[in-house]
Amino acid sequence: MKPIQFVHLTDTHMNAPDTEGPFAKLQLAEKVKHVFGHIQQSGLRPSFLLITGDLSHEGDTADYAYIRKLLDEGSETISAPVYVVLGNHDHRAPFREGYLGETASEEPYYYTQTIDGLRLVGLNSQVPGAHNGTIDDRQLAWLAEQLRTPAPCGTIVAIHHPLLTINGMPGDHSLTNRDALMDVLAGTDVIGMMAGHVHSNNVGSFRGILSVAAAGTAFGGELADAEHFRMFDACSYNVVTVDQDGVAVSTVTLPTSNAEFFRFPLKALAEQH
């Protein structure tokens, strides 16, 4: 089997220029542009680039149109397609209208695509108005049908909410029905789950399947002390390699100021559902 590599970004929290809001002033889209440039300069030739949600921070149609333009340009820069899934900060109707060029709709966004023999399945774990995530029954049934036929090089599942509980992040911010999802994946060709949401790199195994929550490009997140959580200037991406030996994940960290953006009580996170 010829090795297959792809790039995993997450939680870009982009907005169009001149957008108002606390995150817009941080110019987070510039970080994503920098990542594309860094990938090109590194000589990496990924089969595709994946973004696992929170494309925008409370984005509207104009934001998603801008994001699509930026990602299309980035795709040309690295000569690889870009695939996305939605996160808790994304909005389905503006995304469908601004990013996909479709009629506005609240329908969940999910799909399957095979690239160089590796199947990518994008799921919509986003629950409008909530910070935690769920894969609805319709998606689970669709996923089971897709996985009946194995892909030549296995399957990667992309989702915003991670399967594993992360240090410092309340458990109700993760995927609420992970066991139902894993019941569908059991015995299939799925070799890895790629997620985001928690703004820190976490790699583990759940019921025998690799589970990755990447840190993201917008900012890092960590416990500041026993009672507070902080968000700070950070930017990274993961390079995922699939070969005959399995799946390997390597993190590329780009230089930033590490300045603190926000700090808030942990109880504020626990109150968000």
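Salt bridges in a predicted model

Mentor: In this predicted model, the side chains of Arg 96 and Glu 102 form a salt bridge, at 2.7 Å from N to O.

Trainee: Why is the contact of Arg 96 and Glu 102 called a salt bridge?

Mentor: The cut-off is 4 Å between a side-chain nitrogen of Lys or Arg and a carboxyl oxygen of Asp or Glu. The N to O distance is 2.7 Å, so the pair qualifies.

Trainee: What makes Arg 96 buried or exposed?

Mentor: Buried means under 20% relative accessible area. Arg 96 has 11%, so Arg 96 counts as buried. Glu 102, at 39%, falls between 20% and 50% and is therefore partly exposed.

Trainee: How do you know that Asp 189 and Arg 119 meet in a salt bridge?

Mentor: Their N to O distance is 3.1 Å, and the limit is 4 Å, so the pair counts.

Trainee: Why is Asp 189 called buried?

Mentor: The relative accessible area of Asp 189 is 15%, which is under 20%, so the term applies. Arg 119, at 7%, is buried by that cut-off too.

Trainee: Which parts of the chain do Arg 207 and Asp 183 link?

Mentor: Their side chains meet in a salt bridge at 2.8 Å, N to O. Arg 207 is in the loop between strand 8 and strand 9, and Asp 183 is in helix 5, 24 residues apart.

Trainee: How many salt bridges does the rule give?

Mentor: The count is 13.

Conventions: Residues are numbered from 1 along each chain as its sequence is written. This is a predicted model: local features need pLDDT of at least 70, side-chain atom pairs count only at pLDDT 80 or more; totals for chains, interfaces and linings use all residues. Side-chain values use heavy atoms; hydrogens and water are left out. Buried means under 20% relative accessible area, exposed over 50%, partly exposed in between (1.4 Å probe, protein chains only). Helices (H or I, at least four residues) and strands (E, at least two) are DSSP runs, numbered from the N terminus.
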